[in-house]
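Subject: Structure handover

Hello,

Here is the structure I promised to pass on.

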Amino acid sequence: MKRILIDGRWINKTRGLGKYVKELLYTLNEYPQKDFEITVLVPKYSLEKEWPNIKFIVYPPLPFPIWEQFLIPYVAKKYKFDKVHFPYNTKSLIMNFMRIKQVVTIHDVMFFYNKGKGVYQKIGNLYRKIIVLLFGNNQDVITISEKSKEEIKKYTGLNSKVIYTSSMYTLKKFDEKNSINGKLKNEKYFFAIGGISPHKNTEKMIKAFSLLRNDGYKLYIAGLPKKNYLSSYEDDERIIFTGWLSDKDIASYYKYARGILFPSLCEGYGLPITEAFCFYKPVLTSNISPMSELAGNAAILINPYSLIEMKQGIKKMKNDDVCKKIIEEIKKRQKVFSPKVMAELMYDIYGE
């Protein structure tokens, strides 16, 4: 029996790294292997019952550098784990000197070339850069797209294996009894998960949508606070910032949307694309990697720097025939992001 410890420090986050960990646990729980015991180290958490095939160890939510650098190796040694999975780009350097093998998920290396906004992001990027450059040779590295694999090699010299992330956990979070369903069922709208960072391209997406004639469609945007630097666009009553959403609410917005807008300029992956596929929703996204890598032929690909292309792409999504063709392509493409495939590949890495 191989005993695997997974760092679940950010499991409560509703996007990004938190989503990745929850999707990972969902796949490992749904497709368990008898030769493995999976345990997750978490801060206070109330959803352990979702994953009966996974064990949990709960510790107080220490600051992340202390949690990662000191608590993880302490717990790994105390409970005699065979391998530790760090899913947040970095790992404990103390474990360079321990016999316990490690797996590290590096989602992207934007922290090497993206300066970040504000002191917090800049310090975080510096932390990641230093840790990655001091990795040593005691770990397997996995990543989430071919683009990230190439950049990891370029900036760090590390070899990595691509394992696409399933989005089935998000689909399973849809709740027929959710109170917001009644409102969304009766609306015509597009849904977008944007962000404050310029690389999310949220402002250009809003401008493109604003250029379209008012035919009853709305644009709901998650991923930002309700009041943000783009709030002035709320003068257009069709554009609505939802604020931070729970996993259950995000699933509802996907379920009833006409289509999903994700014209990002730079990503390590692009989870909204695969999440939209789970709900068989057409996606408008960028014609650059990794977005184009994930989407294949199952999306409307546009130049994310072109306002006109974006506007025309959104207009296409209102066409029933176009949407039907895209949905047929999604059915083919979805197999690539199967949770069973993800689980099998992860167990292969854990077993090496």
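Predicted model: local features only at pLDDT ≥ 70, side-chain atom pairs only at ≥ 80, totals over all residues.

Overall build. The protein chain holds 14 helices and 13 strands. Its C-alpha trace spans about 65 × 40 × 35 Å along the principal axes. The radius of gyration is 20 Å; a compact globule of 352 residues would come out near 20 Å, so the two agree. Of the 352 residues, 57% count as buried. Take the contacts with a separation of 6 or more: 65% of them come from residues 24 or more positions apart.

Surface and charge. The accessible surface is about 16,100 Å². Carbon and sulfur atoms account for 54% of that surface. The chain carries 57 positive side chains and 36 negative ones. The centres of these two sets lie 2 Å apart.

What holds strands together in a sheet? Strands pair through backbone hydrogen bonds, parallel or antiparallel.

One pairing in detail. Strand E2 covers residues 36–42. Four bridges join E2 to E3, and the two run parallel. Within this pair, Leu 41 stands opposite Ile 57 in E3.

Best wishes

Key. Residues numbered from 1 in each chain as written. Heavy atoms only, no water. Rg over C-alpha atoms; globule rule 2.2 N^0.38 Å. Buried < 20%, exposed > 50% of the residue type's maximum accessible area, 1.4 Å probe, protein only. Contact = heavy atoms within 4.5 Å. Areas by Shrake-Rupley, 256 points an atom, 1.4 Å probe, with all protein chains shown as cover. Lys, Arg positive; Asp, Glu negative; His and termini not counted. Charge placed at Lys NZ, Arg CZ, Asp CG, Glu CD. Pairing = 2+ DSSP bridges.
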